[in-house]
Structure formats: C-alpha cells, structure tokens
Amino acid sequence: MKLSKKNIIKLLAVTAAGVALISSKVGAQPVNLSGTNYFQNFDDLSGGLEPGWLIYTGATGTSLGVLTSFTNGNPALTVNDWNNFSFGFKNCASTNYTPDGTNFIGTEPIATQALTANRVLAVRTTGANDPGNAFVLKVANTVGLGKFVLDVDMMMLSPQTRSNNWTLDFGVSPDGISPPATFTIISNNFFGSFTNASAFGSYHKTIDCAGLLDDQQGPIWIRIVNRTASTGAGNRPTVGIDNFNLTFTNVPSVPRAPTIVSQPQGVTNLEFTTTSLGVGVGGTSPFTYQWFKDGSPLSDGTTISGSTISGSTSPALTITGSRAGDSGSYSVTVTNSVDGTNSNPATVLINPRPFAITNIAYLRTLVDNNFLATNSISLWQVTGTITTLTNQTSGNTASYYLQDGSGGINIFETFGSSFRPAQGDVVTFVGFLSSFNSTLELEADPVSVPVTGPTILSNNIAGLPAPRLISLSVSNNISFVETNLEASMVMIKDVYFAATNAGGIIGTTNLTAIVTNTAGEFFMVAASAQDLDVVNGTNTWPTYASTIIGPLIQNLPNTTTPRNAGYQLS
C-alpha cells in the first residue's frame, strides 16, 4: 500500500512592510517659505514634529538615511529626561526660561524639567547610531529668495566625555520628486566640538549660507547632522536644537542651465535581473531627458536581446530582465529652456548566471545551520524521478518531489500550469535554490529567468526509487534527515492509525492522520482523494498494522497534535 499526496499547495503571504512614518502634524509635506524669515522653537511637540520637519538616522553625505518616527523617546511620556541615555530623538526641556524665571543648571529632576513650556528637539546618540543623526527641515523651494542666514541655539543637555560634531548642509531634489543624491556642506562642525568641558547650557550660532541656498528649485532638505562619528571615550551627549530662525530676502529669479549633480554609476549584474541607472540634475525645471547606449538613443520597449527598457526619457532608466546584449556604455542628455548637458558614461556589464549540472545530494549540502539555501543565484540542473502524483489544479504554480539516486528535493515552478508530470516521470529540472517553510527546494521561474524550467524525458512507474526503511524516531536526528532523507521515498512498517482515523474516509481533500507503533512513537502521514490504493480502492484509512511508503517531508510544528520533529510521510 502506498500513500501519496495529490499536490502541495503553497500559500505565499505578501506582508506589507510597515515603513516607520514620521509622526508629524502635516506629515512630511515641505514648508513654503514666505515673507523674510522662517522660525521654529519646537515648544509644541506633544502632537509630533512640526510641519516640514523630519528626523533621520544613518545620514551621510550622499544619503538622507533612514526616516525615523518621533515618539518622544518613550510614547508613554510627553517629555524626556536629559540624562536618559537610551538612543532616540526626544522632547526635552530647554536650558532657558524655567518656571521660576531662572535658567536650568542641569541637575533638575525630570518632574521639574516637565514644567517648562520651553522645549527643544533633541537626540541622544549611542554607538549603534553614531554618526548619522539628522534634524531636517524640508523646504518646497527658494525660487526668488536669497541671502539666507541661519540663527539657531544649540543645547548641551548632558555634558559627557565624547566630542560630538555637527554640520549644516543641504541637498536638492534632482527632479522635483526624488531625494537628493548628494549634500553640500554650508558650515562644517559649525557647532564646534561638545565635550565634557562644554558646560550644560545654550550656545547660539549665526551661519551665513553664502548664497548656496539662493534661488533653488526644490524640494530642498536642510540638515543639522553629525556626519562624523563622536571622538573620545565615555558616554555620548544629549544634544538639542532650539529657536531655528532662517532669514532671507527677495532676489531676482534667473533661469539656470541644467547641471549634473549626481552622475550615473556603473553597474555589474547577472542575467535576468533588473538593472537601473539614474541621474541627479540641478538648474531650472522642467527638464527633458534622453538616455543613450553606446551613443545610440534608447526608447521604451523590448530590446532585440529580449530585455525591456523603461524610463528612457526620464531621470531613471530601468532594464528589466537584463541580457548580455545590454552590456555597454550608457549616458544621458539633459536639457531645459536655457541649455543642455551630457552626463559621464556609465559602464553596464551583464554576466551570465553560474550554471552547473549536479545531483540532489550536492544541492542538499548548500544550506546553512538553519537548513536555508546559501546560494540563490546559481542555476542548477538535476535529473530524477517524480515521486508524487500529478498536480490536478489549474493554477500557475506546481510543486512536486523529485528524487535521483543520491537524494530527494522539492521542485517548484511558477507560471507552470503546463507542467503536470505523472508519478514515475523522469524529469530534468533547471532552477535556483530557495527555501519554503524550512524545506530546501529547487525553483524555476521561466518568465523572469527563461533558462529555468523542466523537461519531461520519459515515464516508467516501475522506475520509482526503492524506498528506504526508517524508524519513527529517525527525525530525532534532524541534521541526518535534512542531509540524507528529506524529500526522498521512505517506508515505515508495522504502524497503526489512531482510533480517530482508522477506517475513516479520506475524503476529497488532502487529509492527515497520526500513526503509532508498539513503542508508542508517533508519526504523521498525509493523503488525498487520489490515493485510491489505500484500502482496496475504498479510500479509507487502514484498521490494521500497515506499511506506508511516500516522500519524507517537513511539516510545521503543531503543539496540539503529536508529531515527530515536524516531519511527515506524504
């Protein structure tokens, strides 16, 4: 008697990645400058950051970093203690204007700090977040504005033994949508080095922006950021900003020719992957773009080599399903109403995917300590016999077990409704390694990677591999099962179905049942309506001692049903 599973149905759950969005009164919308100044004192942070303000970690000279939510350090608190040394952007009391009219001296308890309405936006840095913390004001544009000067108070709220250096810089969107690709320094270390010698208190700074912010298309990100790591030893300080006052005047707006502020960068990719190139542009918009390959203009659509071009007249060029023929020199021409300019060339190299003909036993060695695939790039070809019954669903995915003389493996094909091999078919399968529910599998995606897929060579049901006799306790040695037995045909003898299953009808869908032996060990088996050979074609579970043959597969642990280390026979 042989129990086989009709098919394996995979439910692929797409999880929405929860991006940490800023808690702000008007989200991340940029500020529109008007009049002659912009002022922010951060006194009302109870509802989140003020409009236009953002906070980032991991900021560098070429990256905004990671947008971070403002939760007052601890969402349960409305204020934060100066001497709380956990990392976070915080709502702290200012050093100035205490409830009794005097300045704080730095030793007041948090209850006293909480009484002042004069707040600052602060950050406490730790080793894991040093450098790269940034206070950011996003401005819609500075068209017609110039002679920018920043006055700001820098707060040393917990003097420590490390120097903590801060920089004022800015970046401009290259196309009015994308974030800046580079940031220009206005004043480097303009707050100086805060050390333990820097007394608790407020330090006022005036910075002339030297025309760098004048008459700019936007959006513009103006940052107060620690671009270099703290120096020295000991704790890092808590640093705050207050009374941010940006003054400016009206200046004539003059159209400017385009300039390349971020050049396209060379790319080396594997075949059938997506290749992207981008350019950052300054000047007066709107801009027009034209990408070239080896001097010839590109257009959207399918190339001769089979890849797909998109964005050929935009700031970002995308080559989907890259082929070797897409290798070459790429550049872009940018024009506006004033003039045009050409980018530097960027070299694109598309390499063939590594490919090897091997056996299943070797593939089973390509796992880490958690038995997850360690190589999902190389293509592998194996030939073996299908051990499961034909998948009779109409879906585009198909999953089977394939076994050669060395071992067994799950094979999975997307867009494979035409791939419905019969049990006993000899199949050559080409794919890349992946893992599903901790089970190693060889996956083919003929749409995205056309060279993958199966070929049915022949059928001989008598050619099914001889099952290997195992004990119910075999999976106590998980490493041995993973390496030698998983997905292979095995046999268990002299087992009994649980009383709740024995003699019962299997039904029209895949069902599972528990078997046991005289030693009281448990194991799980699975069957489907196709398994009409269970008991003389009656499709019922046996009521007597039985021998069961099928592939040995992993199943997720279940705390309510006894199983043997998460394995079952199908």
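Six strands, in the order β3-β2-β6-β13-β9-β10, form an open sheet with antiparallel pairing; two strands count as paired if DSSP finds at least two bridges between them. The edge strands, β3 and β10, each pair on one side only. Strands of a sheet pair through backbone hydrogen bonds, either parallel or antiparallel. Between β2 and β6, which run antiparallel, there are 4 bridges, and L54 has V136 in β6 as its bridge partner.

This is a predicted model, in which local features need pLDDT of at least 70 and side-chain atom pairs count only at pLDDT 80 or more, while totals for chains, interfaces and linings use all residues. Residues are numbered from 1 along each chain as its sequence is written, and side-chain values use heavy atoms, with hydrogens and water left out.

| Strand | Residues |
|---|---|
| β2 | 53-57 |
| β3 | 66-67 |
| β6 | 134-139 |
| β10 | 184-187 |
| β31 | 408-413 |

The protein has 3 helices and 40 strands; both are DSSP runs numbered from the N terminus, helices being H or I with at least four residues and strands E with at least two. Of its 570 residues, 49% are buried, meaning under 20% relative accessible area with a 1.4 Å probe, protein chains only.

E413 lies in strand β31. This residue is buried yet has no salt bridge, defined as a side-chain nitrogen of Lys or Arg within 4 Å of a carboxyl oxygen of Asp or Glu.

Definitions and conventions:
Buried means under 20% relative accessible area, exposed over 50%, partly exposed in between (1.4 Å probe, protein chains only). Lys and Arg count as positive and Asp and Glu as negative; His and the chain ends are not counted.
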